[in-house]
Amino acid sequence: MGDLRGQGYDNSSNMKGKNKGVQKRLLDKNPRAFYTPCGCHSLNLALCDMANSCS
């Protein structure tokens, strides 16, 4: 945990939660581990929403 410098997850609330998610738990152990949402998961969510909104 001491060597951890970055976190990357999908955009689910239980992972990115700043108050009680995995992000918060890791930051409590190592404050230098920054969080980055996964670009592929973000793009996938955007494309799925776009496809579902088209008739």
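Is Asp28 buried or exposed? Asp28 is exposed, with a relative accessible area of 52%; exposed means over 50%, buried under 20%, and partly exposed in between, using a 1.4 Å probe and protein chains only.

This is a predicted model, where local features need pLDDT of at least 70, side-chain atom pairs count only at pLDDT 80 or more, and totals for chains, interfaces and linings use all residues. Residues are numbered from 1 along each chain as its sequence is written, and side-chain values use heavy atoms, leaving out hydrogens and water.

**Fold**

- The protein chain has three helices and two strands. Both are DSSP runs numbered from the N terminus: helices are H or I with at least four residues, strands are E with at least two.
- Read from the N terminus, the order of elements is β-α-α-β-α.
- Of the contacts between residues at least 6 apart in sequence, 58% join residues at least 24 apart. A contact means heavy atoms within 4.5 Å.

**Burial and surface**

- Of the 55 residues in the protein chain, 16% are buried.
- The chain exposes about 4300 Å², and carbon and sulfur atoms supply 57% of that area. Accessible areas come from the Shrake-Rupley method with a 1.4 Å probe; for residues, only the protein chains shown count as cover.
- Leu43, Leu47 and Met50 make a nonpolar surface patch of about 300 Å². Patch residues have over 30% relative accessible area and no salt bridge; like charges are joined within 9 Å, and nonpolar side chains (Val, Leu, Ile, Met, Phe, Trp, Tyr) within 5 Å.
- Leu47 sits in helix α3, residues 39-53. Leu47 is partly exposed, at 42% relative accessibility.

**Helix α2**

- Helix α2 covers residues 22-29 and includes Gln23. Gln23 is buried, with a relative accessible area of 9%.
- Gln23 and Phe34 are eleven residues apart in sequence; their C-alpha atoms lie 8.5 Å apart.
- Lys24 and Asp28 form a salt bridge, with the closest N and O atoms 2.9 Å apart. The rule asks for a side-chain nitrogen of Lys or Arg within 4 Å of a carboxyl oxygen of Asp or Glu. By this rule the count is one salt bridge.
- Both partners lie in helix α2, four residues apart, about one turn of the helix. Lys24 is partly exposed, with a relative accessible area of 30%.

**Cysteines**

- A search of the whole structure finds zero disulfides. The test is a pair of cysteine sulfur atoms within 2.5 Å.
- Cys48 is partly exposed, with a relative accessible area of 37%. Cys54 is exposed, at 54%.
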